[in-house]
Structure formats: structure tokens, C-alpha cells
Amino acid sequence: MLVDVAIFLAAAVLVVPLSKRLGLGTVLGYLAAGVLIGPCGLRLISRVEETLHFAEFGVVLLLFLIGLELQPSRLWKMRGKVFGMGGAQVLGTTAVLSGAIMLFGWTFRTALVAALALSMSSTAFALQVLGEKKELAQPHGHVAFGILLFQDVAAIPTLALVPMLGTHASTSTGSPALRVLTVLGVLLGIGLAGRYLLRPMLRFIASSRNHDLSAAATLLVVVGTSLIMHGVGLSEALGAFIAGVLLADSEYRHELEANIEPYKGLLLGLFFMAVGMSADMKLALERPVLVVALVLGLTAVKLAVLYGVGKLAKLPLRGRASLSVAISQGGEFAFVIFGVAQDGAVLDKGMADLLVVVVTLSMAVTPLLFIVRDRIFARLDRGVKRDFDELTDEGNQVIIAGFGRVGQIVGRVLRAKGIPFTALDASAQHTDFIKQFGNKIYYGDASRADLLRSAGAEHASIFVLTVDDMEGSLAVANTVQHHFPHLKIIARARNRQHAYALLGLGIDILSRETFASSLELSAWTLEALGLPGTDAIEAVRRFGEYDDAQVRKMYHLRNDQKALIASAKEYTAELKRIFEDDAQAST
């Protein structure tokens, strides 16, 4: 076992970073590592089935973590994406694929089972890639997750249907009504246990202040729920997801996430490696034209159907394209369905092995499609230059340049006091996004004097400079000072170097973006350590005033590295003396 563990770790450490360096992503790296050490590669690992079954627990942990992010109320709001979009995708893909497969002479039942299995996408694969690209929170990410969740649910009746289509189907399938009641009873029981049993148990374990015990309890919750769901014929991953949803609004959510995350990452990597190992790549070498045609055909059908689903979901063009690419691959449930179909004589071994290779290779295609998508989008962005919005002088006394995190807060405060303002931002996409929430903001480059003149800079009195980029911020400041010297500039500095540059331009009213919040956190820390509140606030106030004075004093030395270091050392020593004097005075 230790030898196998060493082989898995070595393959991951060597192959995955190389794949990421080449821009192919970590998931494709894990798949390649699995092929390399598996039966079709160096044959270093032989127990493929055992590894795959064990590694599937990584998918279970992934669904549990996703459930922790979704409160029941939020999940209810997603019902349209789950059942509407998910149902449309599964039914549409199954219909197209089953019709296409029957053209090659397969029977209806064989084509139906193969199409149902191929309509499933990889939850683990898609969510991992979307997470790496930070697209889960975007609209197409929400739709993709809803479809994947529906597929996980739809896999259950599919697994129940497959044996009935086989030649070995049993006539005693049991009462459907009793089975439905059993499932509903288990779901209700899990819901009650989550509210009245799990939380008290986690509270009791937390009182022991033992991190290892807390991690063990978290794993027990996931494993226990998964086993219960498996016992009534439901998906283990679905059980873990439900457990996560039940604990989503508990006070232990963040601790549960921290406990699970390390196991999830390792097991998911092992799962993708096991998928790569399980594919019989000899088939791809023996029948390359057929395999490539099937992979491209599957991907093309899913891309087309998902594009239509994205249109139903009213996603923009780029959102539809991103949704199509994200879940265009086959999924891990297909392996399970193929196995059940083979046992029930619905598929023969040759068909099942061929389809497993197709699904595995379809997963490898997805990162490549993302690369193509990104390059096309980048080319479109370069090729299409959008005109700035037409600005009108509304007579506002305040102009805000840069309407990101900081600028929006300034704008909200001004709006709350009934003070009108004009907001500019140089990002067209960000401007369009902010406008969706009813904010009045213009797309424009605040470093251009003509645009500022159109925005009413000649009649305004205050210019709030919150541009995120340091070079862009300084360019705007130079333009305002040169063309509109009467404007009082109130600036946001990203860091100390930005503050030095702004002071060098003669801008006196500025704030370092993390400085105020850091002082507030420092005061709370001192109070938590037992220092009286007034003393904590006074200590932080003195530090803030002294540090601000030092920034204004030291900006003259910003280009002299040696002098800056010497001044910083003097600053630290002086500050220490001040606090020592304060401590002696208080005693």
C-alpha cells in the first residue's frame, strides 16, 4: 500500500504542475498521470477498480462542501435552474444521442441506456475547472451547478431503469409506492437529525477543543449520511450534499469547511487519476478514427444542447458559450451506469469499454475547449473597441473616478445623504454589471480631459479618486490637476508606495485602503486581550497619527532605498519609545 501511495503522489507531483504550466489545468494533469501509471501506461498500479471506488469519496466531500455554501432558502430559489434547465439538458441530450446511436444499428434499449449515461456530465470535473477559473459565482456557473445537481438526482432513476431494460430483468422489483415512501421518510429523518441531533453533537465536540476530534466528527457526518442514502438506493454524493445544505446556516459551517477541504482536494485528485487509469487506451490506438469521431460527436451534441439551454436561461452570448464548454464532457456516473448495463446484458463488454474511453477522453477535451474559448474572447475584446458612454453635465458637485469596492461605498454614503454624484469607470464589463443593480454610472476613462469636461468637472468641487490601478490612478490625478486645478482631490491609495506617489503630486487628502480597517482590527485585538476599551482606542489612535505623519515625512525619500530603510528603522524605534512612555505614564 505504501508503494502505491508513493506512486500516486509522485505521479501527481511530477505531471500536474507540468500540465498547469502548459495552461491545461490541474484536472487534465491528474487524468494524464492516471493514464501514465495505469494498466495502459507503465502498469505501476493494477488495482484500478478499488482505487476508483475509494476515490469516489472525493466527489462525496466536494458535494458536501457545495451544500455548505447553499442555505435551504437559496437552494429553493435555484429550483428553476435545477429542474427546468437540468431537465431540458438531460432530455434534450438523451433524445439527440439516442437517435444518433440508433442510426448505427444499435437497438432502442441499448441506445437509450448509452444516451442517458452520456447525457450526464462530470460534477467533480466541471466544478473543479469552474472553481479554478473563478466562474462558479457567475450566472453561467449557477446554471451549470443547477444542471449538474439535477443530473445527480436523475442518475438514481436511471440506475433503477437500466436493469429493467436488460434480458436478466427481475419481475419482482418491489412496490414503487413503498420505495418512494421510504426515500421520503429517510429525507425527512435526515432533515430532523440535522436540526436536532447534528448541531448539539457538534456543539458538544467543539467544547472539547480537540481539532482532530472535530475533523473526525465532520467526516462521520459525511460518511454516515452517505451510507444512509446508499442504503435506500440513492446517490452517496446526493446524501452528502443534503447534509451540507442542512448545516449551511449553522455556526459550525466554516469549521466544517476547514476540516473537509484537505481531504477533498487529495481525494478528488486521486479520483481523476483513477478515471485516467480505468480507460482502456488500447482501444484508442486500435480504433483511433472511431474513438475520435465518437468523442467529437458527443462533445458537439452536448455543446449544441447546452447552448440552447443557456438561451432558455437568458444567458448572454458569452455565458451560453461558457456554460456549453463547462459541462460538455461525460461524467463519472456514466461509468456506474455502464457497469450496471453490462451486468444486466444491456451492453456487452466491448461496447462498455469503448464508451468508457469516450467519456474519459471527453473530459480531457474540456480544458482544451476552455483554452479555445479564452483565446476567442480575448481576440473579440481586442477587435471590438466600445465607445465611451455619452456624458452630460448634470451639475453634480462630486465626481467619483473608479466605481469598484471603495468607490461604491463612497457613492452609497453620498446617496444616503441625498448628495448627487457622477461616477466613471474605465471597465465596460464592470460598468454594465453595476448598472444591473440600478446604479447610475458611466463607462469612460477619467484620465481624458474631454470626458471629465463633459461630466461637469469645470463646475464640480470634489473629485474622489478611487481607481484601483496605481498607474491609472496617477494618470487621472495628473489630468485633474493640470486641467481642473480648482477640484479638491480626495484619493484612495492601494498601499504605502501609492500613497508616496500621490503625496508627490501634492494630494494631501488620501487614505490607504487597508489602513483604517487594520487599525480597527488592532483595537479589537487589544480589547480581546483585556486592555480597557478607551486605552485600546487611544493606543491605536496614536499609532495611526504617527504612522500617517511618517508616511508624509518619508515620501520625499521614496526613490532613495538606503535612506528609506534608515528612516523606517528610526520610525520603529521612535514608535517603541512612545509606547514605552505611555506604559510608564499609565502606571
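Predicted model: local features only at pLDDT ≥ 70, side-chain atom pairs only at ≥ 80, totals over all residues.
Me: How much of the accessible surface belongs to carbon and sulfur atoms?
Reply: The chain's accessible surface totals about 30100 Å². Carbon and sulfur atoms account for 64%.

Me: How far apart are the end C-alpha atoms of residues 289–309?
Reply: UniProt, in an unreviewed entry, labels several spans "transmembrane region", among them 82–106 and 289–309. In the model, residues 82–106 are 84% helix and 0% strand, with end C-alpha atoms 31 Å apart. Residues 289–309 are 100% helix and 0% strand, and their end C-alpha atoms lie apart by 30 Å.

Me: Is Met 1 buried or exposed?
Reply: Met 1 sits in the segment before α1 (2–21). Together with Val 5 and Leu 9, Met 1 makes a nonpolar surface patch with about 340 Å² of accessible area. The cut-off for exposed is over 50% relative accessible area. Met 1 has 77% relative accessibility, so the call is exposed.

Me: Where is Arg 43, the residue with a positive phi?
Reply: Phi of Arg 43 is near 60 degrees, positive even though the residue is not glycine. Arg 43 has a relative accessible area of 59%, so the residue counts as exposed. Its place is in the loop between α2 (26–37) and α3 (48–55).

Me: And what is the relative accessibility of Lys 314?
Reply: Lys 314 is another non-glycine residue with a positive phi, near 60 degrees. You'll find Lys 314 in the loop between α15 (288–312) and α16 (317–326). Lys 314 counts as exposed because its relative accessibility is 76%.

Me: Which residue forms a salt bridge with Asp 450?
Reply: Side chains of opposite charge can pair when their charged atoms come close. The model has 11 salt bridges by the rule used. Asp 450 is partly exposed at 38% relative accessible area. Its closest N and O atoms with the partner are 2.8 Å apart, and that partner is Arg 448.

Me: Is Arg 492 buried or exposed?
Reply: Arg 492 and Asp 468 meet through their side chains in a salt bridge, 3.1 Å from N to O. Arg 492 lies in strand β5 (residues 488–493) and Asp 468 in the loop between β4 (462–465) and α22 (470–483), so the pair ties together parts 24 residues apart in sequence. Asp 468 is partly exposed at 37%. Arg 492 has 6% relative accessibility, and since buried means under 20%, Arg 492 is buried.

Me: Which helix holds both Arg 541 and Glu 545?
Reply: The side chains of Arg 541 and Glu 545 meet in a salt bridge, 2.6 Å from N to O. Arg 541 is partly exposed at 37% relative accessibility, and Glu 545 is partly exposed at 48%. The two are four residues apart, about one turn, and the helix is α25 (residues 533–554).

Conventions. Residues numbered from 1 in each chain as written. Heavy atoms only, no water. Patch = residues over 30% accessible without salt bridge, like charges linked within 9 Å, V, L, I, M, F, W, Y side chains within 5 Å. Areas by Shrake-Rupley, 256 points an atom, 1.4 Å probe, with all protein chains shown as cover. Salt bridge = Lys/Arg side-chain N within 4 Å of Asp/Glu carboxyl O. Buried < 20%, exposed > 50% of the residue type's maximum accessible area, 1.4 Å probe, protein only. UniProt positions renumbered as here; feature names shortened; annotations may be inferred.
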